[in-house]
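Dear colleague,

I am passing on the model we spoke about, and I would be glad if you could look it over alongside the notes that follow.

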Amino acid sequence: MSADSKLLLEIKNLSVTYDAANPPVRAVDGVSLQLRKGESLGIIGESGCGKSSLALGIMGLIKQGAVAGEIIYSGHNLAGLPEKKLRKHRWQDIALVFQNSLEVLNPVLNIGEQIGEPLRTHYSLAAEEIDRRVVKLLAMTGLEPDWRHCYPHQLSGGMRQRVLLAMALSCDPEVLIVDEPTTALDPAGKNELLQLLQKLQKKSGFAMILISHDLGTVRKLTSRVMTMYCGRVVESGITSEVLKNPMHCYTRGLLNSSPNFFKYKDLWGIGGEPPPGGSSEGCAFYPRCCQGDASCGRSRPPLKYIALERMVACHKGGIETFLRAEGIRKEFVLKNKEIKAVKGVGLTIRSGEVAALVGESGSGKSTLAHILAGVLQADAGQVFFKAKKVEGRWATKMLQGMQIIFQDPFSSTSHRMKVLEVVREPLDIIKWSSVPAREAAAVEALQTVQLPTAPDFVNRYCHSLSGGQRQRLAIARALVTKPKLLIADEVTSMLDPSTQANLLRELKGLQNRRGFAMLYITHDLHLARKIADKVYVMYQGEIVEAGVSFEIFEDPQHFYTRRLMSEAFSDLV
Ligand code: SF4
């Protein structure tokens, strides 16, 4: 949509407050938006985030509540107009397709009477003309004319939704607001309705605001999108870019909960609940955010541009980059032969993100992991952890830093160390607090990975543990410093499938609850597909393909990725 298209609707600082509640609820809190002719804007967010109140506020249909701000349609401010004047604009200029057809349609009036109602209100037309237009509207929305003599309960959910659409289009509005159009529909009905909306918009040229928590629908129908949380806009931008690369932790949480994007990944909803009452002093998302700190609770982040066509409300400018590597090279000499293990690799890992590094054994994954963690020195290139250059192992020797878990984590650990000592050791190395405090932290870490904390277990030597217990112990040892980034190098590859599944689920659950970022290194694409937000494919020392996991797994581009996929998944086809 060109920026030169006519500006139809401009909302400035709109607020909706339900005063009848005690305390009053600010459902919409200072929302601004612009809508141009023929454009489609998606509004996404969890139930209760204020999407529907925004629609009702624009339509002037808020009952028992106060609306403040400006609603400028074709240069005229509709906010605060008396109902009689507002009614002239409603349906003719801006129309709303409500979400719950059974509640909205009058059970004692037939369909024809209800579709004809806006026509009777706005035009002085003869009954025959109204009937003729009703038949035309039914045809437009794919319904036979005879349905106009029926009552709402005689129609299916999909048909009733079409009736609401016909009603909304009856006066040929320039702006159509569609509120959760497909919520109650089965997949076939949903697809039909979406195609119909697309077709009608193309034909009639109306601008559309699509309110939905179904991100697949928003991806199909809109060119721009806004994310709402607690009545405020927290992110906005071009739909395809926002859904591929969200910059607000909340938008990413919505995506990660969305089955139509990550078809194979385990779904993890956003932990916690929005604060009651909608509004708060600081960032409303702070209690649920994986990268928030005390400063986030002090003041509200304003919605600001962070790139062209992208706005985010976050004190940290959106999702932070924790790890950035550029041009990493590493060569080994083996039997007088030079082996280029890593050839100019770059990658980034953002806070709260799970990136999978996949490739066959020998592709250079583990060498790269060791370089990223500062365990191995690169021949060339740079690694930054939270924008600070990684030289040596400082990033792994701090609280809230980076930790790496190896495939066989205790091969280099003294067999004379006991369970509690192994977990406590990273805190001993950095001399954190007192010994009793370190022991308490070690016990907490053991509990986190569901290992026993009874004296007879914590005083055992590591070599007496099973493979699964040893890997859990390695995770506990890594978590004891509360890392912000975990590098997990083939951590489950030596385990049996059941232990592997349990451990992986726990690791992902921990990641989700604590919000740390993780680089998960594996040659197992099944596992990567289950947990990764982003995938890097490594082949002969190079990253040959990288991207969001739903794109890589559904449409791999590089021949090597395709080969890996066909080898991994061919038995499932
Ligand atoms: S980092 Fe802070 S300001 Fe940004 S979304 Fe999280 S809690 Fe809000």
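A salt bridge is taken here to be a side-chain nitrogen of Lys or Arg within 4 Å of a carboxyl oxygen of Asp or Glu. By that criterion K244 forms a salt bridge with E551, the closest N and O atoms being 3.6 Å apart. Please keep in mind throughout that this is a predicted model.

To place that pair, the chain is divided into domain 1, made of 7–93 and 173–313, domain 2, covering 103–172, and domain 3, covering 321–572. An unreviewed UniProt entry, for its part, places the feature "domain: ABC transporter" at residues 9–255 and 323–565. Over residues 9–255, 39% of the chain is helix and 26% is strand, and the C-alpha atoms at the two ends are 28 Å apart.

Turning to how domain 1 and domain 3 meet, their C-alpha centres lie 38 Å apart, and 18 residues of domain 1 are in contact with 20 residues of domain 3. The size of an interface is often given as the accessible area lost when the parts come together. For domain 1 and domain 3 the area buried between them is about 1,800 Å², with 48% of it on carbon and sulfur atoms. Between these two domains there are four salt bridges, and six residue pairs are in polar contact, both residues being at pLDDT 80 or more. On the side of domain 1 that touches domain 3, α9 (239–244) and α10 (249–256) each supply at least two residues, and the residues of that side divide into eight nonpolar, four polar and six charged.

Across the whole structure, a search finds 34 salt bridges.

How values were computed. Residues numbered from 1 in each chain as written. Predicted model: local features only at pLDDT ≥ 70, side-chain atom pairs only at ≥ 80, totals over all residues. Heavy atoms only, no water. UniProt positions renumbered as here; feature names shortened; annotations may be inferred. Helix = DSSP H or I, 4+ residues; strand = E, 2+ residues; numbered from the N terminus. Domains from an automatic or database assignment. Contact = heavy atoms within 4.5 Å. Buried area = accessible area lost by both parts, 1.4 Å probe. Polar contact = N/O pair within 3.5 Å; in protein donor to acceptor, adjacent residues only side chain to side chain. Nonpolar A, V, L, I, M, F, W, Y, C, P; charged D, E, K, R; others polar.
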